[in-house]
Amino acid sequence: MYDYDLLVVGSANADLVIGVERRPGPGETVLGSDLAVHPGGKGGNQAVAAARLGARTALLARVGDDAYGRLLLDAQRAAGVDTVGVLVGGAPTGVALITVDPSGDNSIVVSPGANGRLTPGDIRAAASLFHASRVVSTQLEVPLETVEEVVRNLPPGTRFVLNPSPPRPLPTEVLAACDPLIVNEHEAKVLLGESRVGDEPEDWARLLLAKGPRSVVVTLGAAGALVASSEGVARVPSVKVDAVDTTGAGDAFTAALAWRLGAGEPLARAAAYAARVGAAAVTRAGAQESYPTAAEVAAL
């Protein structure tokens, strides 16, 4: 019996968000809205999104001993996330600087801060959390060697989900553990590099699958997603909504997918549910504040 449906290992940031009419070009200054501060980070986002949906969720992360760190811990606990694995201190809390244009598209610059101090030793020290979790999900806003250590510490039977964001080349050991590897178009292109062939997501998925993951999911924004495994490649539709802010929508998708896979759903069905969760998230501003409950997803 597992204590947690999902253990998220990853970043926790304070999101500093400004709305802009358009993003500035090189050397240009534009005026924006008042600054808004929200709890974020890809790890923190995934944990909150899963907990909101009803998953028993724990977070393994590092924050600073500062006001932003307290904001992030409060947000996790308010969502029902177990923060026993959140370490405090070592560096200031990570910060993401985000601009959002009127269409809801965003640009993000991340200062890792304490996220960069989440070490392989921290992973080894959290062995009990790994053994208590049905699925482990992570991203690349923490050091790659830490993600490698996550893979090495996966107990038998625990599923591993990776969203390689921000993207970088991945070791064979990490790719082989992914079930699934979840990428958007930009991440797929970085991982494939010169081997990328064609402009169709089906091609990217097959090429990524050949690199070793047990399964691959390519997110396609408003067009839904595409899933690939040894059983074949299939498109998964989304729900049409009016997008307000896409910040954190991919994290909501990943969290929902990981949770439903852990519950035993087939990949395509879990991805279809995750696409609905992502669609619900873009209808409200912010990242964690926008994440829906299971009832809200069902009402779409």
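A charge sits over a ring if NZ of Lys or CZ of Arg is within 6 Å of the ring centre and within 35 degrees of the ring normal. In this predicted model, local features need pLDDT of at least 70 and side-chain atom pairs count only at pLDDT 80 or more, while totals for chains, interfaces and linings use all residues. Residues are numbered from 1 along each chain as its sequence is written, and side-chain values use heavy atoms, leaving out hydrogens and water.

Start with Arg-260. Arg-260 lies over the face of Trp-259, 4.4 Å from the ring centre. Arg-260 also lies over the face of Tyr-273, at 6.0 Å from that ring centre.

Now take the rings themselves. Rings of Phe, Tyr and Trp (its six-membered ring) pair if their centres lie within 6.5 Å; planes under 30 degrees apart count as stacked, over 60 as edge-to-face and the rest as tilted. The whole structure holds one aromatic pair. Helices (H or I, at least four residues) and strands (E, at least two) are DSSP runs, numbered from the N terminus. Trp-259 counts as buried because its relative accessibility is 14%; buried means under 20% relative accessible area, exposed over 50%, partly exposed in between (1.4 Å probe, protein chains only).

Turn to the sheet. Nine strands form an open, mixed sheet in the order E5-E4-E1-E8-E9-E10-E11-E12-E13. Strands pair if DSSP finds at least two bridges between them. Strand E5 (82–88) and strand E13 (232–236) are the edges, each pairing on one side only. The twist averages 15° from one strand to the next. Strand E8 (residues 133–138) runs parallel to strand E9 (residues 159–162), paired over four bridges. There, Val-136 stands opposite Phe-160 in E9.

Helix H1 (residues 42–53) packs on this sheet, touching strand E1 (4–9), strand E4 (57–63) and E8, and its direction makes about 160° with that of E4. Contact means heavy atoms within 4.5 Å. Axes are lines fitted to C-alpha atoms, for helices over the stretch in contact, and angles run from 0 to 180 degrees between N-to-C directions. Helix H2 (residues 67–79) lies across E4 and E5, at about 170° to E5.

Finish at Asn-13, in strand E2 (residues 13–19). Asn-13 is buried, with a relative accessible area of 1%. Residues touching Asn-13 include His-38, Leu-72 and Glu-141. A polar contact (a pair of N or O atoms within 3.5 Å; within protein, one must be able to donate a hydrogen and the other to accept it, and residues adjacent in sequence count only if both atoms are side-chain atoms) of 2.5 Å joins the side chains of Asn-13 and Asn-115.

Notes:
Lists of a residue's contacts leave out its neighbours within four places in sequence.
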